[in-house]
Amino acid sequence: MDCPPNPIFLQNPRLSHAIFPTVSYKKSHSWRFNCKGIQVSVTKQHRSNSLIFRNSSGDGERLESIGIKEIDVATLGNLCVDIVLNVPNLPPESFQERRDYMERLSKSPPDKKFWEAGGNCNMAIAAARLGLRCMTIGHVGDEIYGRFLLDVLHDEGIGMAGMSELDGVEISGAAYETLLCWVLVDPLQRHGFCSRADFSKEPAFSWMSELSSEAKMAIKKSKILFCNGYGFDELSPGLIISAIEYAVEVGTSVFFDPGPRGKSLSVGTPEEQKAFHKVLRMSDALLLTSEEAESLTGIGNPVLAGQELLRKGLRTKWVIVKMGAKGSILITMSSISCAPAFKVNVVDTVGCGDSFVAAIAFGFIHNISMVHTLTIANAVGAATAMGCGAGRNVATRKQVIELMEAANLNEDENFWNEIIDENLEAEEITFLSRMVINGRNNRMNRVPLQKIISEMLPKLEAARVNGVVPS
């Protein structure tokens with residue numbers, strides 16, 4: 001397909017309409033460990049939910065070892081296959097017409113060349129390519145799409161943990177199958193999304209009620225659990241809260257990116273509203289666009305909005321505000337870090353936010369300074385924007401390094417001064433700049449890009465050498 005220079009997101013559900021005949025499954029589980037991590041002995045129908053951690057550090061170390069966090073990042077839910085198609089017209093607006101439209105699309109599987117891993121797979125793949133050890137926690141079915149998704153994760157060195165145990169529970173094929181998102185592109189290169197979420201008030205996997213032992217083990221052994229707003233389209237609010245509370249209990253940091261779903265969740269069902277605001281308060285790191293931050297706080301200035309979210313949080317340490325081509329800001333209780341974006345030729349913005357958060361996790365885990373972390377996150381997001389689509393098309397380490405070395409920043413002094421002028425509470429303000437003459441002035445500490453590049457490139461190279469994933 002030809003990628004759009006300026007995609008228009010009409011809707012953005014991450015779910016799909018099932019395209020296979022309805023059948024029933026009865027599931028039974030038999031768990032076992034081996035010296036490479038966790039393996040699962042399951043019935044053939046449940047093959048797709050096996051957890052296989054492929055990046056464990058040695059034959060003698062098991063995931064059940066108490067206190068050892070062998071996984072860097074685990075993603076919670078939002079696993080889907082994107083079907084990217086060129087269409088003459090985007091889906092109609094009316095409910096029934098959209099449903100008929102999707103029924104026509106779903107009559108037979110499209111050619112595999114149109115398939116791509118989507119949802120939280122984007123974040124996991126981007127993180128793995130930075131050298132992080134990654135696990136996805138969620139559900140995929142045992143059909144062609146599920147097997148495709150597992151193969152992609154396997155090829156990227158990413159493990160998979162089943163979300164729920166089902167002993168003697170019957171579920172229909174439509175409820176059990178892998179989620180699809182029809183990503184539709186019209187002749188004007190506008191995007192539309194079509195999925196089962198358009199037609200159901202219940203989460204796609206509402207039959208899940210408790211965390212599986214697999215999911216708990218993956219959360220316990222992870223340094224970060226990442227959740228985004230689209231997870232609410234798949235999992236019940238109660239199940240999401242169970243996962244977040246368990247992460248807090250076992251000392252796993254929680255990253256949350258509400259995304260476009262945040263606005264609807266904040267005015268959704270009572271259960272959704274309660275769970276959404278609880279996840280906001282319990283997260284260690286919040287990632288939002290400036291529009292999303294304003295929607296949640298009613299404050300237009302991104303730094304002031306971030307400071308308000310910090311005050312409301314119970315555990316929140318970082319609030320990261322993404323501002324597209326302008327750059328990004330990381331706010332803590334005592335500091336503000338600002339990083340202008342890299343100038344690139346934008347081909348497709350799909351997956352940029354997921355790639356960005358992967359690099360934020362990289363900086364968080366490796367205890368990298370905040371302005372350094374923002375710089376690499378901007379580079380990873382921008383490198384993904386230069387490609388076509390997400391999934392396996394997200395940025396590689398090599399592309400990120402090349403972009404950083406080009407050192408082409410979109411610096412806009414007036415924009416940044418306007419933001420910072422309103423914010424004098426922070427003890428420290430750090431600003432990324434392509435060129436620094438005097439380093440620090442009375443307002444902020446300016447850090448030259450070349451300094452960050454010289455310090456970050458060895459870390460990226462070390463991550464590649466120590467990791468077992470493609471670069």
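A polar contact is a pair of N or O atoms within 3.5 Å; within protein, one must be able to donate a hydrogen and the other to accept it, and residues adjacent in sequence count only if both atoms are side-chain atoms. The model is predicted, so local features need pLDDT of at least 70 and side-chain atom pairs pLDDT 80 or more, while totals for chains, interfaces and linings use all residues. Residues are numbered from 1 along each chain as its sequence is written, and side-chain values use heavy atoms, without hydrogens and water.

View 1. A side-chain oxygen of Glu 143 lies within 3.1 Å of the backbone nitrogen of Tyr 145 at the start of H3. Just after H3, Gly 157 has a positive phi of about 75°.

**View 2. Buried residues of H3 (buried: under 20% relative accessible area, 1.4 Å probe, protein chains only).** These residues are Tyr 145, Gly 146, Phe 148, Leu 149, Leu 150, Val 152 and Leu 153. Their cover includes helix H2 (120-129) and strand S10 (179-185).

**View 3. Surroundings of Met 404 (contact: heavy atoms within 4.5 Å).** Neighbours within four places in sequence aside, Met 404 is in contact with residues including Phe 342, Ile 376, Leu 449 and Met 456.

**View 4. Pairing of strands S4 and S7 (strands pair if DSSP finds at least two bridges between them).** Strand S4 (residues 71-76) and S7 are parallel over 4 bridges. Thr 136 in S7 is the bridge partner of Thr 75.

Methods. Buried means under 20% relative accessible area, exposed over 50%, partly exposed in between (1.4 Å probe, protein chains only).
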